[in-house]
Amino acid sequence: MWNLMKGLNYQIKRDNFTIYAILFSSFLATGITIYSALVEEGMAFSEINAGLFLAKNAEFMVVGCLVLCCVLVARIVGWDMTDKTINYEILAGNSRNHVFGARVILTFLWCLGISVIYLVVPLVVLSFCNGWGPNMEIKVGVSWVLIFMLLVFRLVCELILLTVLLKNCFISMIIGWILNEFVVLVTLVYEEMIGEFPIFLFSLSGMFQFSSFPYKFEYIGGKDIPVFGPPIGSGEIMQIIISVIVVSGLTLLVAKTQFNKQDMR
């Protein structure tokens, strides 16, 4: 399986489409907030502390990670299904479990690894330059990063299943994006007509709800500043954790079962 992963990794690293997607998603995940703060709001760089950046950037992080995962999952899992070259791996004597496992492991390494970079690197740089700041408690920021990564993990599992079912990387990217946009639409309509949407139901709806920080103004350092609190309570965090475990396990099990049964010709 290690050789399969090395071959897939070599293929992905030299794919221009993947590189462009990573660059674009990195701008969505971090660049828009920095640009907005410096240019549109006229803030000095020294005013952007890590806590304030996290609160302002959370929803853009969702969009950036969604673009990243839609492309990378479909590309790693479904690229060789699209042109049928996956048959050569099976005919070479590799078991279907190894072929599937190599793609799943590599998908998690790429998607979660880059998502961590998007999340952590700007916070570390801003903390080093301008400090964490009084806008958010550090423990709130750390817990947010950890829970957000769980939701990214669930999103990746769902997209793996979709790609295995469709057996085409390009169709999987398009359908994956459309389905997630439909989830956003359903969430907005539900909240407008009924009330708060169940946070555990879909990974993306949970990510957006989890990225809306409540805040209040407090007088600190001679001026009123927004202080952001945790976006959800401990009960909802438990709902997210349980849903991630259950949904991720089921989607990977179904994907593996379907992959083993599929005719790859």
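How are helix 3 and helix 5 oriented to each other, roughly parallel or roughly antiparallel? In this predicted model, the axes of helix 3 (residues 50–82) and helix 5 (residues 96–130) cross at roughly 160 degrees. Angles over 145 degrees count as roughly antiparallel, and helix 3 and helix 5 are therefore roughly antiparallel to each other.

**Confidence of the model**

The protein chain has a mean pLDDT of 85, with 95% of its residues at 70 or more. Among its elements, helix 6 (residues 138–166) has the highest mean pLDDT, 92, while helix 4 (residues 86–91) has the lowest, 70.

**Two helix contacts**

The axes of helix 3 and helix 5 come within 9 Å, and their crossing is right-handed. The contact of helix 3 with helix 5 has 20 nonpolar residues, together with three polar and two charged ones.

A second contact joins helix 6 and helix 9 (residues 234–261), whose axes come within 9 Å and cross at roughly 25 degrees. That angle makes helix 6 roughly parallel to helix 9. The contact of helix 6 with helix 9 has 18 nonpolar, four polar and two charged residues. Helix 6 passes helix 9 in a left-handed crossing.

**Cavities**

The model has three cavities of 30 Å³ or more. The largest cavity holds about 60 Å³ of space. Its lining consists of Phe-53, Leu-54, Asn-57, Ala-58, Met-61, Tyr-118, Leu-119, Leu-123, Trp-144 and Val-145. Helix 3, helix 5 and helix 6 are the elements that give two or more residues to this lining. Helix 3 gives the most, with five residues. By class, nine residues of the lining of the largest cavity are nonpolar, one is polar and none is charged.

The second largest cavity holds about 40 Å³. Thr-33, Ala-37, Met-43, Ile-48, Leu-52, Phe-53 and Lys-56 form its lining. The lining of the second largest cavity divides into five nonpolar residues, one polar and one charged.

**Pockets**

| Space | Volume |
|---|---|
| Largest pocket | about 280 Å³ |
| Second largest pocket | about 240 Å³ |
| Largest cavity | about 60 Å³ |
| Second largest cavity | about 40 Å³ |

Of the 14 residues that line the largest pocket, Glu-47, Leu-52, Asn-135, Lys-223 and Ile-225 are the closest to its centre. Leu-52 also belongs to the lining of the second largest cavity. Helix 3 and strand 2 (223–228) each supply at least two residues of the lining of the largest pocket, and strand 2 gives the most, with four residues. This lining has six nonpolar, four polar and four charged residues.

The second largest pocket is also lined by 14 residues, and those nearest its centre are Glu-158, Leu-159, Leu-179, Asn-180 and Phe-202. Two or more residues of this lining come from each of helix 6, helix 7 (169–193) and helix 8 (203–210). The largest share, six residues, comes from helix 6. The lining of the second largest pocket divides into nine nonpolar residues, four polar and one charged.

Key. Residues numbered from 1 in each chain as written. Predicted model: local features only at pLDDT ≥ 70, side-chain atom pairs only at ≥ 80, totals over all residues. Heavy atoms only, no water. Axes fitted to C-alpha atoms, helices over the stretch in contact; angles between N-to-C directions. Parallel < 35°, antiparallel > 145°, perpendicular 65-115°, else oblique. Left-handed = near helix turned anticlockwise from the far one by under 90°. Nonpolar A, V, L, I, M, F, W, Y, C, P; charged D, E, K, R; others polar. pLDDT = per-residue confidence, 0-100. 1 Å grid on protein atoms, 1.4 Å probe; cavity = no way out; pocket = protein on both sides within 12 Å on 5 of 7 lines; lining within 4 Å. Points joined across faces, edges and corners; volume = space filled by probe spheres on them.
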